[in-house]
Amino acid sequence: MTINNTTYGFIGLGQMGHGMAKNLRLKIPSTCKLFIYDVNIDAMKTFKQEFADADNVVIATSPKEIGQIADIVLTSVPKAQHVREVFLNPDTGLLAGGKKSPGPVSRLYLELSTIDAAVSSEIGQRVLDGGFGEFVDAPCSGGSMGAEKGILSFMVGCAEGLYPRVLSILSHMGKNDGIFHCGEAGTGLKTKLLNNYLSSITTVATAETINMGIRAGLDAHRLNEVLNASSGMSFNTKVNNPVPGLTPGNPASNGYKPGFAIEMCLGVLELAVKAGQELGVKMVVGGPTLEAYRIAAGLEKFKGKDAKVIYRWIAEDEGELAANGVH
C-alpha cells in the first residue's frame, strides 16, 4: 500500500458524514478509491452523482464489504447502537468478513461518532483482540457547516505513535489547528462530551440573556455586539448564535435547519451528565440544562430542528419577539 493506492471506506453519509466524505474524496489522490455505505440508498447515489459517477467513488453493499477491502475505514453514525451494528453485526458488520489486518501497515478504523466512551472502548478492544487493525476514537465538532467546509475540529484518542498517521487523514476534513491528540484511546470521546456539555450550557445562557435583553427593549444586534466585545463572548454568541439573525448563515438564521439536531444534542448531553454523575462531581447547571433540552426536544414543533431551537422554547414566542427585537 502506498499513498497513491490506499483504499478508503466511509460509512455514514448523514448531516456530518456527507461533508467529511466529500472533503476526503476531494483531497486524497484521485488514484485512491473511496468506498461508501449508508443505510439510505439515495444518500449513496446522490454522493456518487456529486462526483459525476466517477470510478473512484464506489457504492458498497454493506460495512462488511468495506471491512474486506479498505485500508482506512471511517465511520460517522448517530448513536452507539448504530456503531455496534456497523462493526459487530455478525452478517454485515465491518468485522464479519474475517479478514485480518494486512501487513506491514495495519488497517486503521477511525470512529468519528459521538457515543459513550465505554461502548467505543468495547468495540476498539474487539478490533484489537481480533487482529483487525488499529482503532481510534476521533469525534468531531463544528456541525454540518464545518463538515461541508472541511474545517471541523477533532478530538483524538489513540497511541502516541499512531497519531501522525491519524492526523494526516483528519487534516483532509478539519483544520490543522483544530485537531488535538487528547491521549490514549477513549480520551477523544471524553473530551468531546465535555465540549458539548459546555456548548449546550452556553447556548441556553446566550438564549436567556438575549431574550431578556429583547424583553427589556434592547436592540438584540447591539446587545450581541457588546457581548462579543466583552467577557460574555462565547462561540454561541459570536459564531453560532441561537437567536435568528445574529449570526447569518447559521441554523438559527435558516429556520433552524439542523446542523446538529436537538435530539442528537440531547443524547450527547445525557451522556455527559451521566459521566459526571459516575465521577461524583458537583454539577450546578448541568441538571437544569439537561431538563430544558428534554422538554424542548419532546415538543412536536421542535422535532428534527437544530439544537439552537432551544431559544424558541426559552423565548416562548414562536419568533415574534425575535422579529421585533432583532433589526
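Student: How many disulfides does a search of the whole structure find?

Tutor: A disulfide is a pair of cysteine sulfur atoms within 2.5 Å. The search of the whole structure finds zero. Cys-140 is in no disulfide; the nearest cysteine sulfur, in Cys-182, is 13 Å away. This is a predicted model, in which local features need pLDDT of at least 70, side-chain atom pairs count only at pLDDT 80 or more, and totals for chains, interfaces and linings use all residues. Residues are numbered from 1 along each chain as its sequence is written, and side-chain values use heavy atoms, with hydrogens and water left out.

Student: Are Cys-140 and Cys-265 buried or exposed?

Tutor: Buried means under 20% relative accessible area, exposed over 50%, and partly exposed in between, with a 1.4 Å probe and protein chains only. Cys-140 has 8%, so it is buried. Cys-265 has 5% and is buried.

Student: Where is Asn-196 found?

Tutor: Helices are DSSP runs of H or I, at least four residues; strands are runs of E, at least two; both are numbered from the N terminus. Asn-196 is in helix 8, residues 187-215. Its relative accessibility is 8%, so Asn-196 counts as buried.

Student: Which residues does Asn-196 touch?

Tutor: Contact means heavy atoms within 4.5 Å. Leaving out residues up to four places away in sequence, Asn-196 touches Phe-260 and Val-268.

Student: Is Pro-288 buried or exposed?

Tutor: Exposed, because its relative accessibility is 54%. Pro-288 lies in helix 12, residues 286-297.

Student: How many helices and strands does the protein have?

Tutor: It has 14 helices and nine strands. Of its 327 residues, 51% count as buried. Take the contacts between residues at least 6 apart in sequence: 68% of them join residues at least 24 apart.

Student: What does the radius of gyration say about the protein?

Tutor: The radius is taken over C-alpha atoms, and the globule rule is 2.2 Å times the number of residues to the power 0.38. For 327 residues, a compact globule would have a radius near 20 Å; the protein has 21 Å, which agrees. Along the principal axes, the C-alpha atoms fill a box of roughly 65 × 50 × 35 Å.
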